[in-house]
Amino acid sequence: MRRRIQGLSDADQSATSQVRDGLLLVRVERAQHRWDARKPFYVLRFSILEPKELTGHSVTGRLYCTTRALWKLNWFLRDFGYDSELLGHDEIDDKNLVGLRGVVKVSYVVVNGASLLNLDAFAPADQWEQLSSTSPASLAVWEGAK
């Protein structure tokens with residue numbers, strides 16, 4: 001059975017179609033660990049705080065928990081201000097991730113016809129003003145400083 005619901009498409013708060021590659025100031029809205037035998041990962045839903053034209057929209061990305069990807073997970077946790085004591089004990093509490101704020105550099109890639117969000121780089125929230133006014137060439141250096 002098909003139903004027509006007026007305004008349904010306008011209610012989409014996902015910014016996927018509007019967000020271009022670049023920097024976003026975000027807050028973690030939801031974090032969920034997903035176990036996979038080969039590549040366990042965290043699904044992170046971010047609420048966009050800046051730039052203003054995207055405020056209130058959200059984006060979702062993955063951070064993998066494989067041995068080779070732990071450096072990126074650690075970078076995210078450190079720059080977003082995760083509890084350093086828990087981090088020092090190799091512990092992640094999903095509830096403590098919600099509400100963390102920071103800067104994320106995003107890009108999109110199409111894989112098998114699906115558009116996926118890459119979380120390319122991270123920075124503390126207090127660096128938003130400086131980074132958002134930085135030239136694209138300087139951002140390439142920032143991303144390389146992982």
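1. A salt bridge here is a side-chain nitrogen of Lys or Arg within 4 Å of a carboxyl oxygen of Asp or Glu. Glu-29 and Arg-27 form such a pair, with their closest N and O atoms 2.8 Å apart. Note that this is a predicted model.

2. How exposed are these two partners? Glu-29 is partly exposed, at 34% relative accessibility. Arg-27 is partly exposed too, with a relative accessible area of 30%.

3. The salt bridges come to 3 by this rule. Another joins Arg-78 and Asp-79, whose closest N and O atoms are 3.9 Å apart. That distance counts because the cut-off is 4 Å. Arg-78 is partly exposed, at 48%. Asp-79 is buried, with a relative accessible area of 15%.

4. Glu-50 lies in strand S2, which covers residues 41-50. Its side chain meets that of Lys-52 in a salt bridge, 3.2 Å from N to O. The two side chains are also listed as a polar contact at 3.2 Å.

5. Is Glu-50 buried or exposed? Glu-50 has a relative accessibility of 18%. It therefore counts as buried, since the limit is under 20%. Lys-52 is exposed, at 61%; exposed means over 50%.

6. What else does Glu-50 touch, beyond its neighbours within four places in sequence? The contacts are Leu-24, Leu-25, Thr-55 and Trp-128. One of these, Leu-24, is among the residues that touch the most other members of the largest nonpolar core. Another, Trp-128, belongs to a second, separate core.

7. Now the cores. In soluble globular proteins, nonpolar side chains tend to be buried together. The largest nonpolar core in this model has 27 residues. Leu-24, Phe-46, Phe-76, Phe-80, Leu-97, Leu-119 and Phe-122 touch the most other members. Two or more residues come from each of these elements: strand S1 (22-34), S2, strand S3 (58-64), helix H1 (70-79), strand S4 (101-111) and strand S5 (114-124).

8. Which residues does Leu-97 touch, not counting those up to four places away in sequence? They are Val-28, Ala-31, Tyr-42, Phe-76, Leu-77, Tyr-82 and Ile-92. Of these, Phe-76 is also listed with Leu-97 among the residues that touch the most other core members.

9. The second core is separate and has 7 residues. Among them are Val-103, Ala-123, Trp-128 and Leu-131.

How values were computed. Residues numbered from 1 in each chain as written. Predicted model: local features only at pLDDT ≥ 70, side-chain atom pairs only at ≥ 80, totals over all residues. Heavy atoms only, no water. Helix = DSSP H or I, 4+ residues; strand = E, 2+ residues; numbered from the N terminus. Polar contact = N/O pair within 3.5 Å; in protein donor to acceptor, adjacent residues only side chain to side chain. Contact = heavy atoms within 4.5 Å. Buried < 20%, exposed > 50% of the residue type's maximum accessible area, 1.4 Å probe, protein only. Core = buried A, V, L, I, M, F, W, Y, C linked by side-chain atoms within 4.5 Å.
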